[in-house]
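Biologist: Could you walk me through this model, taking it one topic at a time?
Modeller: Gladly, and here it is for us both to look at.

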Amino acid sequence: MSKDAVETAAVASPADATRTPADAGDAGYSKDLKARHVNMIAIGGAIGTGLFLGAGGRLQSAGPALALAYLVCGIFAFFVVRALGELVLYRPSSGSFVSYAREFLGEKGAYVAGWMYFLNWSTTGIADITAIALYTHYWSFFTDIPQWVLALIALAVVLLVNLISVKIFGELEFWFAIIKVAALVAFMFVGIFLLVTQHEVGGQTPGLHVITDNGGFLPHGLMPVVLVMQGVVFAYASLELVGVAAGETAEPHKVVPRAVNSIMWRVGLFYVGSVVLLALLLPGSVYSAGESPFVTVLSKIGVPAAGDVMNLVVLTAAMSSLNSGLYSTGRILRSMAMAGSAPGFTAKMNRSQVPYGGIMLTAAVCVLGVGLNFLMPSQAFEIVLNVASLGIISTWVIIMICHLAFVRRAKEGLVTRPKFRLPGSPVTEIATIAFLLAVLGLMWKDPEIGRKTLYLIPLIGLALVGGWYGVRRRISRTVDQEMGELTK
């Protein structure tokens, strides 16, 4: 339902002014996701390849101050999810922030939110299948299989899981998250043991002196820490999945607050805690972008098969991300299709109440990624990863703008805010938006990758404008039909 339609309904019937508007895209879903599924989806969204693999290169460039970067970005990521959680309790929707953008910002807002999120996950999906193929090549058994073949197999397996049922998706994501958490907890126990016993790591004893003797907290100055912010923000991408999953759980008002509130301590424990531990065990210069920092530590103490175990965990993280991307875009595209801003076939659902049309569209874009793996196997990962960062930053900004509009309407008496609220509004939203835009601007400081990514913004803008003119009539017809039903 569009913003104009909601406002028209409110004027036509004052008694219904506070009634929550229905989203046609929410009809037909099962409620098979349990509390444990949603909790683990929240954990899975907070822990991914950005930590398991990306932290190595960032530790090398930023040093121990990377922990501060993870903390700062984690706080703003929490604000985003807390704002989304409040909107979910106001009205649970599988369309999530696209549905809220439609209500509070109008159809144009929903159109931009939906397609930028699709850009994020479709390109992230390409990065994921590329990563899966690269990680699989680690084992000699798979080295003779072309990278694009492995990418295609990974996509086919995860696509099949998503199409069967939401319950199967939830179970798979639950066990993916269990593996990731277990690996991190095990490493942290090992790291703490090494610290307490002063066991040598790479020929030197761990401790605070590892930091002080190697340049201190900021060995390369403040700028490297600032520049890694973009990658750190991307590491937290997927946290917004909690909002999408809430539309398919029977008790969102109980499940969502717990899942959202637990994100903050998970960020502190898993991201900040593990980076501090890594910095105390080895100098930042020892870590590298090409190897998981956890593998680096374990190999220095002679743990057998450390690389094999961690490679399996990183492979799991990439599979989890691909699984989540197909799931979320399927729901988002269905919400958009029901309003006329996405192709009609993406609204279709199968007998298992799965929106297979949207899932298949995302998978089709990922197939293009298989082609990218065939043409440019060494560059595919970096190319798509930076495009995806534009999508996630815009998605988070739109969530905060929606929340600002929601709070404004609550003050006008048109909607009622739940007890579970984002603290400090409107300062919190404005500060988060400013931070995210600053991260976007800082990409200009990176001429190799970041600056080239920013050059894509005008092209994406033109594509969105052209697409809007292509669908606006269909959207208008859909809105007219809804208004007609409201006035009957």
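What follows is our talk about the overall build, the charged pairs, the rings and the surface.

Biologist: Before anything else, what kind of model is this, and how are residues numbered?
Modeller: This is a predicted model, in which local features need pLDDT of at least 70 and side-chain atom pairs count only at pLDDT 80 or more, while totals for chains, interfaces and linings use all residues. Residues are numbered from 1 along each chain as its sequence is written, and side-chain values use heavy atoms, with hydrogens and water left out.

Biologist: How many helices and strands does the protein have?
Modeller: There are 21 helices and zero strands, where helices (H or I, at least four residues) and strands (E, at least two) are DSSP runs numbered from the N terminus.

Biologist: And what share of the residues is buried?
Modeller: Of the 488 residues in the protein, 57% are buried, and here buried means under 20% relative accessible area, exposed means over 50%, and partly exposed lies in between (1.4 Å probe, protein chains only). If we take contacts (heavy atoms within 4.5 Å) between residues at least 6 apart in sequence, 81% of them join residues at least 24 apart.

Biologist: Let's turn to charges: how many salt bridges are there?
Modeller: The count comes to three salt bridges, a salt bridge being a side-chain nitrogen of Lys or Arg within 4 Å of a carboxyl oxygen of Asp or Glu. One of them joins the side chains of Arg417 and Glu86, at 2.5 Å from N to O. Arg417 lies in the loop between helix H18 (380-411) and helix H19 (427-442), and Glu86 in helix H5 (residues 66-90), so this pair ties together parts that are 331 residues apart in sequence.

Biologist: Are those two buried or exposed?
Modeller: Both Arg417 and Glu86 are buried, and for Glu86 the relative accessible area is 0%.

Biologist: What else does Glu86 touch?
Modeller: Leaving aside neighbours within four places in sequence, Glu86 is in contact with several residues, among them His403, Phe406, Pro418 and Leu422.

Biologist: Which residue forms a salt bridge with Glu103?
Modeller: Glu103 is bridged to Arg91, with the closest N and O atoms 2.9 Å apart. Glu103 sits in helix H6 (residues 96-105) and Arg91 in the loop between H5 and H6, 12 residues apart. Glu103 is buried at 2% relative accessible area, and Arg91 also counts as buried, at 7%.

Biologist: And what about Glu107?
Modeller: Glu107 forms a salt bridge with Arg102, where the closest N and O atoms are 3.4 Å apart. Glu107 is buried, with a relative accessible area of 8%, and Arg102 is buried too, with 1%.

Biologist: Changing topic, how many aromatic pairs are there?
Modeller: The count is 17 aromatic pairs: rings of Phe, Tyr and Trp (its six-membered ring) pair if their centres lie within 6.5 Å, and planes under 30 degrees apart count as stacked, over 60 as edge-to-face and the rest as tilted. The rings of Tyr70 and Tyr271 have centres 5.0 Å apart and planes at 45°, so that pair is tilted. The two are 201 residues apart, with Tyr70 in helix H5 and Tyr271 in helix H14 (residues 252-281).

Biologist: What about the pair Tyr117 and Trp121?
Modeller: Tyr117 and Trp121 are edge-to-face, at 6.5 Å centre to centre and 80° between the planes. They are four residues apart in helix H7 (residues 107-136), which separates them by about one helical turn, and both are buried.

Biologist: Which charge lies over the face of Phe420?
Modeller: That is Arg82, at 4.0 Å from the ring centre, the rule being that NZ of Lys or CZ of Arg is within 6 Å of the ring centre and within 35 degrees of the ring normal. Arg451 lies over the face of Trp444 in this way, at 4.5 Å from the ring centre.

Biologist: Finally, which residues make the nonpolar surface patch?
Modeller: Leu68, Leu71, Ile75, Phe217, Leu218 and Leu222 make a nonpolar patch of about 500 Å², with accessible areas taken from the Shrake-Rupley method with a 1.4 Å probe, and for residues only the protein chains shown count as cover. Patches are made of residues with over 30% relative accessible area and no salt bridge, where like charges are joined within 9 Å and nonpolar side chains (Val, Leu, Ile, Met, Phe, Trp, Tyr) within 5 Å. Leu222 is in the loop between helix H10 (209-212) and helix H11 (223-227), and counts as exposed at 57% relative accessibility.
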